[in-house]
Amino acid sequence: MKGKIIEFPIKRLQNTGNVYSMFSKEVADSFMKYHELGIEWRNNFRIKTFYDGYPFQPPGDPLIQGLVWFTDEQKHFGVWVYNETDLEIEVNEKIEFGWSPFVRKSVGPPNEPIHIQSSEFRNHLVWYVDKDGFGQYGVIQSTGEIWLPHPKGQ
């Protein structure tokens with residue numbers, strides 16, 4: 001007697017577009033390479049960036065006003081969020097890219113950034129959300145300014 005296979009009813013996420021159909025090949029290749037390299041980081045280096053209380057406790061006092069410590073219990077990570085919208089900090093489960101594949105329409109960070117080198121750096125890392133609800137990872141500099149690798153309009 002053979003067993004019958006019944007597919008588990010899961011809700012599949014709808015991607016609003018393939019990275020290669022939305023961006024130049026060079027940009028899409030860079031995005032894909034970033035995620036490939038992230039596998040090694042997650043497997044070998046991520047644990048070295050933890051500190052006591054991570055991810056439920058922030059790494060220190062906020063470096064600027066307006067930061068909120070966000071914890072994703074399911075994905076087991078935490079990060080500062082600077083939210084310029086009036087929206088609640090929630091992850092947009094639909095994959096909606098902005099002007100770069102590293103920019104997402106999501107007030108909450110959809111994933112932990114990769115290639116963090118130390119637990120101290122976690123206090124400078126921020127998910128920055130602009131007034132239109134697009135977020136990206138950036139770095140809070142010692143001057144209090146936020147550096148964004150993918151500014152709008154580039």
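Where is the place of S100? In this predicted model, S100 sits in the loop between β2 and β3 (104-105).

View 1. Leaving aside residues up to four places away in sequence, S100 touches F23 and H150.

**View 2. Helix α2 from end to end.** Helix α2 covers residues 25-44, which makes 20 residues. At 1.5 Å a residue these should span 28 Å, and the end C-alpha atoms are 29 Å apart, so the two values agree. A28, F31, G38 and W41 of α2 are buried. Part of the cover over the buried residues of α2 comes from α1 (19-22).

View 3. K25 is exposed, with a relative accessible area of 57%, while D29 is partly exposed at 29%.

**View 4. Strand β4, covered on both faces.** Strand β4 (residues 125-129) has 5 of its 5 residues buried, so the rest of the structure largely encloses it. In a regular strand, side chains alternate between the two faces of the sheet. Here L125, W127 and V129 are on one side and V126 and Y128 are on the other, and all of them are buried.

**View 5. The strands paired with β4.** Strand β2 (residues 77-83) runs parallel to β4, and 4 bridges pair them; V129 is the bridge partner of N83. Strand β5 (residues 134-140) is antiparallel to β4, with 5 bridges joining the two.

View 6. Side chains of opposite charge can pair when their charged atoms come close. A search of the whole structure turns up 5 salt bridges. In one of them, E112 pairs with R122, their closest N and O atoms being 2.9 Å apart. Both partners are in the loop between β3 and β4, 10 residues apart, and both E112 and R122 are buried. In another, the side chains of K152 and D132 meet at 2.9 Å, N to O. That pair links K152, in the segment after β6 (146-147), to D132, in the loop between β4 and β5, 20 residues away. D132 is partly exposed, with a relative accessible area of 43%. Shared partners also join R46, E112 and R122 into one salt-bridge network.

How values were computed: Residues are numbered from 1 along each chain as its sequence is written. This is a predicted model: local features need pLDDT of at least 70, side-chain atom pairs count only at pLDDT 80 or more; totals for chains, interfaces and linings use all residues. Side-chain values use heavy atoms; hydrogens and water are left out. The expected span of a helix is 1.5 Å times one less than its number of residues. Buried means under 20% relative accessible area, exposed over 50%, partly exposed in between (1.4 Å probe, protein chains only). Contact means heavy atoms within 4.5 Å. Two strands pair if DSSP finds at least two bridges between them. A salt bridge is a side-chain nitrogen of Lys or Arg within 4 Å of a carboxyl oxygen of Asp or Glu.
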